[in-house]
Amino acid sequence: GASAWGRSTRLRGDECAAWKTLHSALGGQAWRQCAGLWDDPCGCERVQCSADGTRLTGLDLSRNQLAGGIPSTLSKLSALTRLDLSHNLLSDGFVADAFAPLTRLDTLLLDDNIFTGQAPPLDYSRYTTCDIGNNTFGCPMPPAAATCHRRWQPPPACAREPLSPAC
């Protein structure tokens with residue numbers, strides 16, 4: 001179910017269920033941080049919850065051994081303002097539908113993963129902080145994707161297919 005414990009007892013049921021799905025889908029038991037907090041996300045120092053404890057507002061799960069594809073239930077975390085899933089082993093493309101409802105999101109960091117396929121057609125220019133670089137997205141990149149990188153990093157580029165197969 002969507003029951004929560006510890007600091008997360010006031011968390012909305014849909015948010016609790018979305019966290020549990022995210023935790024399970026991305027190998028949560030093997031994470032460096034938050035591994036044992038499947039039912040208590042607000043108990044993890046890398047998770048920010050609203051002042052009243054009902055919503056998840058920030059996830060910093062960078063460098064945390066996340067693996068797999070981002071589940072579409074991420075879309076249920078509509079109060080998120082910060083999402084940092086950088087420097088992990090996230091793959092299997094990336095679901096634009098999971099990000100579209102996250103209208104409060106101002107920080108999106110998905111760099112240094114192993115995403116393939118097309119980068120989702122998001123309005124990357126709306127994020128204050130954004131980075132999708134160091135992945136293997138196909139060409140062409142969506143409009144404004146070139147703006148989605150940290151100042152010290154090169155703009156994200158698509159992986160170009162070779163003109164002819166190798167001998």
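Which residue takes a positive phi just after α1? The residue is Gly 27, with a phi of about 70°. The structure is a predicted model, in which local features need pLDDT of at least 70 and side-chain atom pairs count only at pLDDT 80 or more, whereas totals for chains, interfaces and linings use all residues. Residues are numbered from 1 along each chain as its sequence is written, and side-chain values use heavy atoms, with hydrogens and water left out.

The secondary structure of the protein chain comprises two helices and nine strands, taken as DSSP runs numbered from the N terminus (helices H or I, at least four residues; strands E, at least two). From the N terminus on, the order of elements is α-β-β-β-β-β-α-β-β-β-β. The radius of gyration of the protein chain is 16 Å, close to the 15 Å that the globule rule gives for 167 residues, so the chain is as compact as a globular protein of that length; the radius is taken over C-alpha atoms, and the rule is 2.2 Å times the number of residues to the power 0.38. Along its principal axes the C-alpha trace spans about 55 × 35 × 25 Å. Of the 167 residues, 47% count as buried (under 20% relative accessible area, with exposed over 50% and partly exposed in between; 1.4 Å probe, protein chains only).

The buried residues of α1 are Glu 15, Cys 16, Ala 18, Trp 19, Lys 20, Leu 22 and His 23. These buried residues pack against β1 (47–49) and β2 (56–60).

An open sheet of five strands, with mixed pairing, has the order β1-β2-β4-β6-β8; two strands pair if DSSP finds at least two bridges between them. Its edge strands, β1 and β8 (129–131), each pair on one side only. Strands β1 and β2 pair in the antiparallel sense over three bridges, and Val 47 stands opposite Leu 59 in β2.

Asn 64 is found in the loop between β2 and β3 (67–68) and is buried, with a relative accessible area of 0%. A polar atom of the Asn 64 side chain lies 2.6 Å from the backbone nitrogen of Gln 33. Leaving aside neighbours within four places in sequence, Asn 64 is in contact (heavy atoms within 4.5 Å) with Trp 31, Arg 32, Gln 33, His 87 and Asn 88.

How values were computed:
A polar contact is a pair of N or O atoms within 3.5 Å; within protein, one must be able to donate a hydrogen and the other to accept it, and residues adjacent in sequence count only if both atoms are side-chain atoms.
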